[in-house]
Amino acid sequence: MKKKSKNKSNCQEVILKGQPISPGIAIGKAFILDEDYIETPKERIPVHKIQDQIDKFKQAIHDTTHDLQTIIDQVGMRVSAHKREIFDAHMMILEDSQIIDQTISEIKNKQINADYAYFNIMRNYQRALSASSDSYLKERATDIRDLKRRVIRRIQGIHREQTGNLKDTIVISHELNLFDIYALTNNKVAGIVMQGGGRTTHTTIIIRALELPAIIGVPRILQKIKTDDMLVANGLTGEIILNPEQKTLKKCIKKRNNFKKYEQQYLRVAGVPSVTLDKNKFVVSANIELSDEVDSVIAHGELGIGLFRTEYIFMSEDKLPTEEEQYEKYMTVVKKIYPLPVTIRTFDLGGDKIAPFVETESEKNPFLGWRAIRMCLDMPDIFKKQLRAILRASVLGNVKLMLPLITSIEEIYATKLLIEEVKTELKSQNIDFDPHIPTGIMIEVPSAVMLADRLAKEVDFFSIGTNDLVQYVLAVDRGNARVANLYNFFHPAVLRMIKSTLKAAKKQNIPVSMCGEMAGEPLAVPLLFGLGISEFSVSPVMLLKIKQILRSIKFFEAEKISRHCMRLHTTDEIERYLRGVMDKMFPRMDEDNFFKRSYK
Ligand code: PEP
Ligand code: MG
């Protein structure tokens, strides 16, 4: 943490550093969205004021009930039943008469302030539940922690309206989950900064899809920033300026304007052909999570969808989506993108993506557990409904089908059997579908790389999912901030995995795209293109930037770059070399742009 001189309001300008995960520059006041942000100093209350404290407490319970009900009404339809159960659990704890009575007795008997009394009562419950070996009870401890914060803030009178009050603020949190992000989308926040998080978690992916400047992995951020502190969060460099001086603020506003100008300039790339300087074709396509994102993709020019993560349809619905509901969503995207292709990936639930309609037991290692194709094959009725919906949509445009987390040939055989069953059913019902729908697989676990030569004979295309591949190859949890420094696309083992996949696919003459976040990493683009990646499927915010990089290189130069990278021994050497290449290639780019992003 670098300290600089004091500004007019006598607050010191301080620079903090994290990992940029979503480009853009946010300027605004901080809003701490975290249970740790409560201070409850003990106060001795004179006897004649005890009743005031009790009234304050009762009012806080009443108001929090109202707050919760408002949230349930606002976001209720947009979240899963599982998430709504969390709110129901909050409501039950909030109205628990034992907790209320104990708090009132504590205020009376010990003559203490209401927030301190409630904090202690709730902390005792929380501790007891955390110590339990029952995973259900353990989860309730988290509910208590969150609720405790809500009520205490109400007692302390630091309540803010849930809607609109976060507008233009920079939300600071220990770590937001997917549900928090859904709730924030209503609030038009300026940016997000987190202490934890990972570059390729699904929370990060959604933040990027929402085009919100964001930074993760800022150590001890909650101890350093308070609500209403003035901040600049630079999602390009990972720099956070706390209490910026006037002249710093002016500079940052200029940077933000420059960034917006650059963004506008990229739109010029939208209509130009996807060819390199030496006239080699490439494909840039989009990763989407929700069907509404398709309009943003269209605004970036004529681009296809390289990855439609359909699990979000299953997560945002209250119940299991019907075949018809799924069909509507796939059809909308397919028709809008036509004649370009849409690669629909069958649902990849599990891991950090909780399926509300499935009774999942909590798993010790969910990323090594019941996930993706494993879940699909274990629930053939649900899987077949999705396959039917995809096949029906396939006649309306250019559809490819993709399977997640393939680890063996058996999984392909089993899926093919189900696809054939669905085709036979559709035929017998005179329902149209594309009988030759291209079917491909994600290459995202080491076993798939090792078997790539055999898998290539079974499918029509590969798409490399580096988000998972990196975590499985390097044994680094993609969402664990503690080991985030070890999670790196440029590890030589990851590059070898990619190269070996490409080699196997080439032999079988099937195309290989990449839809992991590495494809949207500017530094990686020449290297990947040189290795033979033909399609880069990236988050919409990166579409035109990646296209522009590819338009600025020649294939033979990219090949040279990739050959050199493959000879280097360490991640650091590879990254440094690629940074040098980028600096030479784009010498006039400054830090307001995305090329100079540093992930360190
Ligand atoms: C990947 O693993 O790289 C990928 C694209 O899939 P997801 O991020 O949805 O796991
Ligand atoms: Mg994956």
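Predicted model: local features only at pLDDT ≥ 70, side-chain atom pairs only at ≥ 80, totals over all residues.
Mentor: Axes are lines fitted to C-alpha atoms, for helices over the stretch in contact, and angles run from 0 to 180 degrees between N-to-C directions. Residues are numbered from 1 along each chain as its sequence is written, and chains are lettered from A and ligands numbered from 1 in the order in which they are written.

Trainee: Is α22 roughly parallel or roughly antiparallel to α23?

Mentor: Helix α22 covers residues 555–567 and helix α23 covers residues 571–585; helices (H or I, at least four residues) and strands (E, at least two) are DSSP runs, numbered from the N terminus. The two pack at about 160 degrees, with their axes 10 Å apart. Angles under 35 degrees count as roughly parallel, over 145 as roughly antiparallel, 65 to 115 as roughly perpendicular and the rest as oblique. Helix α22 is therefore, relative to α23, roughly antiparallel.

Trainee: How many nonpolar residues does the contact of α22 with α23 have?

Mentor: From α22 come Lys560, Ile561, His564 and Cys565, and from α23 come Ile574, Tyr577, Leu578, Val581 and Met585, contact meaning heavy atoms within 4.5 Å. Ala, Val, Leu, Ile, Met, Phe, Trp, Tyr, Cys and Pro count as nonpolar, Asp, Glu, Lys and Arg as charged, and the others, Gly among them, as polar. The contact has 1 polar and 1 charged residue, and its nonpolar residues number 7.

Trainee: How many charged residues does the contact of α14 with α15 have?

Mentor: Helix α14 brings Pro380, Phe383, Lys384, Leu387, Arg388, Leu391 and Arg392 to Thr415, Leu418, Ile419, Glu421, Val422, Lys423, Glu425 and Leu426 of α15. By class, this contact has 8 nonpolar residues and 1 polar residue, and its charged residues number 6.

Trainee: What is the angle between α12 and α14?

Mentor: Glu323, Glu324, Gln326, Tyr327, Tyr330, Met331 and Val334 of α12 meet Lys385, Gln386, Arg388, Ala389, Ile390, Arg392 and Ala393 of α14. The contact has 7 nonpolar, 2 polar and 5 charged residues, and the crossing is right-handed. With axes 8 Å apart, the angle is about 35 degrees.

Trainee: Which element gives the most to the lining of the second largest pocket?

Mentor: This pocket holds about 550 Å³ of space, and its lining has 15 nonpolar, 3 polar and 5 charged residues. Among its 23 lining residues, those nearest the centre are Pro23, Glu211, Phe259, Lys260 and Glu263. Elements giving two or more residues are β4 (25–32), α9 (246–266) and α21 (543–551). The one that gives the most, with 6 residues, is α9.

Trainee: What is the phi of glutamate 211?

Mentor: Glutamate 211 sits in the loop between α7 (202–209) and β7 (214–216). Most residues other than glycine have a negative phi. Although glutamate 211 is not a glycine, its phi is positive, at about 55 degrees.

Trainee: Is the peptide bond from tyrosine 338 to proline 339 cis or trans?

Mentor: Proline 339 is placed in the loop between α12 (323–337) and β12 (341–345). Most peptide bonds are trans. With omega near 10 degrees, the bond from tyrosine 338 to proline 339 is cis.

Terms used:
Heavy atoms only, no water. 1 Å grid on protein atoms, 1.4 Å probe; cavity = no way out; pocket = protein on both sides within 12 Å on 5 of 7 lines; lining within 4 Å. Points joined across faces, edges and corners; volume = space filled by probe spheres on them. Left-handed = near helix turned anticlockwise from the far one by under 90°.
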